[in-house]
Amino acid sequence: MIKNIIVDKRAGFCSGVKRAVNLVEKEFKKKHKVYALGDLIHNRKELKRLEKGGLKIIDQELLKNKGEKILKGKKVIIRAHGEKKEIFDFARKHKI
C-alpha cells in the first residue's frame, strides 16, 4: 500500500493546455467575450474555473446554425486537438 505520494515540483499542465488557458485569460483581461468550440481542455476543474470567469462552451451545431448571428466578431478558441477544415472555413467566412 502506498503511504506517501510525492508530486514533482515541475508537475502541471502540458504546454498546449497552458497556452489555451493563457489565451482565454488574456481575452478576459481585455473584457472580451470568449467562446470555446467544445471543451477547451480535458481538466474539468480548470474548465469550470474558466467558465466561472466567463468562458462559454459552444458546440459545432450552434456554430453552424447560429454562429453567423451570435458569434460574428467574437473570439472563438479552437482546442489544441483541432477541428475540420470546414469549421475554419465557416469561421473565416462569417468573420468569427
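Arg92 pairs up with Asp89 in a salt bridge (a side-chain nitrogen of Lys or Arg within 4 Å of a carboxyl oxygen of Asp or Glu), with 3.5 Å between the closest N and O atoms. Both residues sit in helix 4 (residues 85–93), 3 residues apart, or about one turn of the helix; helices here are DSSP runs of H or I with at least four residues, strands are E runs of at least two, and both are numbered from the N terminus. Arg92 is exposed at 58% relative accessibility, while Asp89 is partly exposed at 34%; buried means under 20% relative accessible area, exposed over 50%, and partly exposed in between, using a 1.4 Å probe and protein chains only.

The model is a predicted one, so local features need pLDDT of at least 70 and side-chain atom pairs count only at pLDDT 80 or more, whereas totals for chains, interfaces and linings use all residues. Residues are numbered from 1 along each chain as its sequence is written, and side-chain values use heavy atoms, with hydrogens and water left out.

Across the whole structure, the search turns up 9 salt bridges. One of them links Lys48 to Glu51 at 3.6 Å, N to O, and these two also lie 3 residues apart, about one turn, in helix 2 (residues 44–53). Lys48 is partly exposed at 44%, and so is Glu51 at 25%. Asp39 and Arg44 form another, their closest N and O atoms being 2.9 Å apart. Here Asp39 is partly exposed at 30% and Arg44 likewise at 45%.

Glu27, in helix 1, is buried, with a relative accessible area of 8%. Its side chain makes a polar contact of 2.5 Å with that of His32; such a contact is a pair of N or O atoms within 3.5 Å, one able to donate a hydrogen and the other to accept it, and residues adjacent in sequence count only if both atoms are side-chain atoms.

As for the sheet, 3 strands make up an open arrangement in the order 2-1-3, with parallel pairing; two strands pair if DSSP finds at least two bridges between them. Strand 2 (56–58) and strand 3 (75–78) are at the edges with a single partner strand each, so one side of each lacks a neighbour in the sheet. Tyr35 stands opposite Val76 in strand 3.
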